Amino acid sequence: MLHDHYARNLLTVILRLVRHEELARDVLQEGLLKVWLSIARYDPARGRLFTWMVRVCCNQAIDALRSPRHRFHSANKSLEVGGAQQALAPVSFNPEHIGLRELVVRLKPRQREVIDLLYFGGCTQVEAAEQLGIPLATVKTRARAALLVLGNLAK
């Protein structure tokens with residue numbers, strides 16, 4: 001009932017603050033949950049229900065805008081917006097030309113198996129995680145660590 005009666009107006013107010021439809025919908029959902037869980041704190045003597053709900057939702061919007069996660073995502077552009085294009089590597093590209101195989105041998109075995117799958121095996125990170133039976137986050141961590149080591153070795 002709360003959602004049916006107030007969601008559209010609350011969303012309008014939230015959108016004025018956050019200026020992003022998807023974030024506004026998330027804030028609305030969280031705000032209505034806070035209203036629902038804290039309805040006992042509402043005091044009719046201090047104002048109308050809608051005014052109190054607006055205040056709760058606005059506070060939720062401000063918290064969302066201040067969160068480190070929002071700052072990180074707002075600083076980064078999506079690939080579509082940023083103009084990035086997917087292009088195939090030239091047919092003549094061969095990692096052997098730059099001596100990558102010799103450098104990879106110096107990596108720790110766990111890092112090497114990830115690099116082998118990602119760069120020489122042509123796997124995505126998800127596919128590498130499935131093949132190795134490890135979490136995706138572990139594949140990403142090992143790949144990042146391996147790239148740092150390879151960067152230092154190449155200097």
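Helix α1 (residues 2-18) and helix α2 (residues 21-37) pack with their axes 9 Å apart, at an angle of about 130 degrees. Helices here are DSSP runs of H or I with at least four residues, strands are E runs of at least two, and both are numbered from the N terminus. Axes are lines fitted to C-alpha atoms, for helices over the stretch in contact, and angles between N-to-C directions run from 0 to 180 degrees. The helices α1 and α2 are therefore oblique to each other. Angles under 35 degrees count as roughly parallel, over 145 as roughly antiparallel, 65 to 115 as roughly perpendicular, and the rest as oblique. The crossing of α1 and α2 is right-handed. That term applies if the near helix is turned clockwise from the far one by less than a right angle; anticlockwise gives left-handed.

The model is predicted; local features need pLDDT of at least 70, side-chain atom pairs count only at pLDDT 80 or more, and totals for chains, interfaces and linings use all residues. Residues are numbered from 1 along each chain as its sequence is written, and side-chain values use heavy atoms, with hydrogens and water left out.

The crossing of α1 and α2 is right-handed, as stated. On the α1 side, the contact (heavy atoms within 4.5 Å) is made by L2, H3, A7, L10, L11, I14, L15 and V18. The α2 side supplies E21, L23, A24, R25, V27, L28, L32, V35 and W36. By class, this contact has 14 nonpolar, one polar and two charged residues. Nonpolar covers Ala, Val, Leu, Ile, Met, Phe, Trp, Tyr, Cys and Pro; charged covers Asp, Glu, Lys and Arg; the others, Gly among them, are polar.

L11 lies in helix α1. At 11% relative accessibility, L11 counts as buried. Buried means under 20% relative accessible area, exposed over 50%, and partly exposed in between (1.4 Å probe, protein chains only). Leaving aside neighbours within four places in sequence, L11 is in contact with E21, A24, R25 and L28. L11 and D26 are 15 residues apart in sequence, and their C-alpha atoms are 9.8 Å apart in space.

The axes of α2 and α3 come within 9 Å and cross at roughly 130 degrees. These two helices are therefore oblique to each other. Their crossing is right-handed. From α2, the contact draws on L23, V27, E30, G31, L32, K34 and V35. From α3, it draws on W52, M53, V56, C57, Q60, A61, D63, A64 and L65. The residues of this contact divide into 11 nonpolar, two polar and three charged.

The largest nonpolar core has 20 residues, of which L10, I14, V18, V27, L28, V35 and M53 touch the most other members. Such a core is a set of buried Ala, Val, Leu, Ile, Met, Phe, Trp, Tyr and Cys residues joined through side-chain atoms within 4.5 Å. The elements giving two or more residues to this core are α1, α2 and α3 (49-66). Its largest share, eight residues, comes from α3. Apart from it lies another core, of nine residues, among them V114, L117, L118 and C123.

R142 lies in helix α9 (residues 136-154). R142 is buried, with a relative accessible area of 16%. Beyond neighbours within four places in sequence, R142 is in contact with R110, Q111, E113, V114 and I134.

The chain has nine helices and zero strands. Of its 155 residues, 28% count as buried.
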